[in-house]
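Here is a friendly walk through one model, piece by piece. Have a look at the sequence and the 3D view first, then read on.

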Amino acid sequence: MIRRIALFLLCLSLALPALAQTTLNGAGATFPNPMYSKWFSEYHNAHPDIQINYQPIGSGGGIRQVLAGTVDFGATDGPMSDEQLAQSKVKILHVPTVLGAVVPAYNVPGVSGEVKFTPEALAGIFLGKITNWNDKAIGSANPEHKFPDQPIVVVHRSDGSGTTYIFTDYLSKVSPEWAGIAGKGTSIKWPVGLGGKGNEGVAGVVRQMQGAIGYVELIYAVQNKIPYGSVKNAAGTFVKASLESVTAAAGSVKTMPADFRVSITNAPGKDAYPIASFTWLLIPAQSKDAAKGKIIADFLTWMVDDGQKMTAALTYAPLPDSVAQKVKDEIKQVR
């Protein structure tokens with residue numbers, strides 16, 4: 001009898017963790033995916049009964065799925081529009097998580113050093129007006145390099161992408177011609193180029209194809225060992241993406257909007273990297289499942305208190321202290 005009771009208690013103890021397991025599902029931006037993968041793994045290690053699954057399908061997909069209610073949270077690098085927010089049956093919060101940089105990554109035969117890009121050159125390349133690497137619009141800013149007579153192969157995202165939003169938001173600010181022809185958005189009609197799915201897709205094409213140039217989040221260029229250039233900022237300084245230069249761009253925000261939907265591309269300041277951005281989790285303020293809402297709120301608090309300490313190792317910049325405090329206040333709405 002005692003053995004039966006002991007066996008029953010053992011089986012019960014083994015079954016309880018499985019019964020108590022809670023799974024959260026999210027989808028969206030590829031830009032912060034390396035950071036989110038790290039966070040979700042570390043949070044699970046601290047809370048074995050909670051599993052967070054995240055699908056990096058692009059910001060456009062993340063917005064669509066959170067609007068459809070098919071995920072517990074979404075993620076985007078381009079904030080939702082007023083029209084999109086109005087489509088939601090529940091209030092959706094934009095919770096900033098980290099800051100990152102979008103860099104011009106290239107594969108130019110015979111050029112191993114850093115290439116400097118002016119705003120005019122980047123806009124001209126992606127408009128299809130500058131078509132060869134030996135164009136003087138590129139060479140004039142890089143007299144130390146001898147560029148080959150090599151056609152430029154433009155590579156852009158094929159999926160709805162917050163990385164695209166950041167890059168085209170920047171181009172729209174620095175080039176009236178770009179703003180008039182292509183504009184900004186998570187998906188646009190590209191004047192020229194080949195498409196790659198996700199940051200990893202663009203990085204893969206650039207790495208494999210001579211003459212290619214594309215835009216990717218900094219960590220994807222670093223991990224794939226693809227050269228990436230410095231960009232001339234609003235103060236006239238060529239700045240390469242780094243934790244310091246992205247943080248300097250964030251410092252340009254003197255007053256953070258209450259809903260956190262802010263653009264920091266082409267920020268003022270001699271040390272600011274011009275193609276930088278916050279990235280956001282899209283959190284329904286009212287969860288369908290109260291238990292999940294509590295878990296999401298707890299994770300967000302952990303993200304601000306502990307997760308920010310892990311950002312530098314993956315080349316993301318942490319939230320400024322002033323923003324982190326406002327995020328903590330925002331989390332109180334989640335339930």
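## Starting at S252

Leaving out neighbours within four places in sequence, S252 is in contact with I264, A267 and P268, where contact means heavy atoms within 4.5 Å. S252 belongs to the loop between α11 (243-250) and β11. With a relative accessible area of 22%, S252 is partly exposed. On that scale, buried means under 20% relative accessible area, exposed means over 50%, and partly exposed is in between, using a 1.4 Å probe and protein chains only. The C-alpha atoms of S252 and T168 are 20 Å apart, and the two residues are separated by 84 residues along the chain.

A word on where this comes from: the model is predicted, local features need pLDDT of at least 70, side-chain atom pairs count only at pLDDT 80 or more, and totals for chains, interfaces and linings use all residues. Residues are numbered from 1 along each chain as its sequence is written, and side-chain values use heavy atoms, with hydrogens and water left out.

In α11, the buried residues are S245, V246, A249 and A250. Seen down the axis of α11, they fall within an arc of 150°, so they line one face of the helix. The arc is taken from the directions from the helix axis to the C-beta atoms. These buried residues pack against β4, β10 (238-239) and β11.

Now look at α13 (residues 321-331), where V323, A324, V327, E330 and I331 are buried. Viewed down the axis of α13, these buried residues fall within an arc of 110°, so they line one face of the helix. D321 and S322, on the other side of α13, are exposed. What do the buried residues of α13 pack against? Their partners are β4 (92-107), β11 (276-284) and α12 (290-305). There's a simple rule behind such faces: an α-helix has 3.6 residues a turn, so residues three or four places apart point the same way.

## Strand β11, wrapped up

Nine of the nine residues of β11 are buried, so the strand is largely enclosed by the rest of the structure. A276, F278, W280, L282 and P284 point one way, S277, T279, L281 and I283 point the other way, and all are buried.

Two strands count as paired if DSSP finds at least two bridges between them. β11 pairs with β3 (residues 73-76) in the antiparallel sense over three bridges, with W280 in β11 as the bridge partner of T76. β4 and β11 are also antiparallel, over nine bridges, and V95 stands opposite L281 in β11.

In β8, six of six residues are buried. A212, G214 and V216 lie on one side and I213, Y215 and E217 on the other. β4 pairs with β8 in the antiparallel sense over six bridges, and Y106 has I213 as its bridge partner in β8. β6 (residues 153-157) and β8 pair in the parallel sense over three bridges, and V153 has A212 as its bridge partner there.

Elsewhere, three strands form an open sheet in the order β5-β9-β10, with mixed pairing. Its edge strands are β5 (116-117) and β10, each pairing on one side only.

## Rings and cores

The whole structure holds 20 aromatic pairs. Rings of Phe, Tyr and Trp (its six-membered ring) pair if their centres lie within 6.5 Å; planes under 30 degrees apart count as stacked, over 60 as edge-to-face and the rest as tilted. The rings of W190 and Y215 have centres 5.7 Å apart and planes at 25°, so this pair is stacked. Both W190 and Y215 are buried.

A nonpolar core is a set of buried Ala, Val, Leu, Ile, Met, Phe, Trp, Tyr and Cys residues joined through side-chain atoms within 4.5 Å. The largest one has 96 residues, and F126, F299 and L300 have the most contacts inside it. The largest share of this core, nine residues, comes from β4. F126 touches residues including V154, F167, W190 and Y215, not counting those up to four places away in sequence.

Terms used: Helices (H or I, at least four residues) and strands (E, at least two) are DSSP runs, numbered from the N terminus.
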